[in-house]
Amino acid sequence: VQLVESGGGLVQTGGSLRLSCAVSGRIFSINEMGWYRQAPGKQRELVAVLSSGGTINYADSVKDRFIIPRDNTRNTVYLQMNSLKPEDTAVYYCNAVIRFTSGGSLYNYWGQGTHVTVSS
């Protein structure tokens with residue numbers, strides 16, 4: 001199983017970017033999927049996470065600016081980032097908590113990370 005990320009890049013303050021993350025490989029279900037980020041010299045932090053039940057948890061710093069749509073048919077999650085600020089500059093990591101069998105254990109997977117740079 002791999003998490004394949006795309007998107008990211010350089011954008012000016014106030015601009016928008018869209019990240020995507022697809023789970024490749026054979027799985028039973030995704031319990032939770034979302035995005036974290038790590039800025040230079042800081043710890044990795046939650047950005048937005050979507051549970052299988054539809055609950056979405058956003059970091060306070062991105063509420064009303066970021067949206068996390070999900071394509072269940074493709075095991076893909078997106079991060080639509082609007083009104084970007086320089087403090088959003090970080091490496092963004094996709095995360096998925098996966099089951100391989102019904103009622104089986106949960107396994108945690110990370111993407112390779114994609115850089116987002118917001119210039120002032």
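Start by selecting Cys 21 and Cys 94: both are buried (under 20% relative accessible area with a 1.4 Å probe, counting protein chains only; exposed is over 50%, and partly exposed lies in between). Before going further, note that this is a predicted model, where local features need pLDDT of at least 70, side-chain atom pairs count only at pLDDT 80 or more, and totals for chains, interfaces and linings use all residues. Residues are numbered from 1 along each chain as its sequence is written, and side-chain values use heavy atoms, leaving out hydrogens and water.

Now show the sulfur atoms of that pair. Cys 21 and Cys 94 form a disulfide with the sulfurs 2.0 Å apart (the cut-off is cysteine sulfur atoms within 2.5 Å). The S-S torsion is about -85°, so this disulfide is left-handed. Cys 21 sits in strand E3 (residues 17–24) and Cys 94 in strand E10 (residues 90–99), so the bond ties together parts 73 residues apart in sequence. The structure holds one disulfide.

Next, switch to a cartoon view. You will find 12 strands and zero helices (DSSP runs numbered from the N terminus: E of at least two residues for strands, H or I of at least four for helices). The C-alpha trace spans about 50 × 25 × 25 Å along its principal axes. Of the 120 residues, 43% count as buried.

Finally, select Tyr 107, in strand E11 (residues 106–110). Tyr 107 is partly exposed, at 42% relative accessible area.
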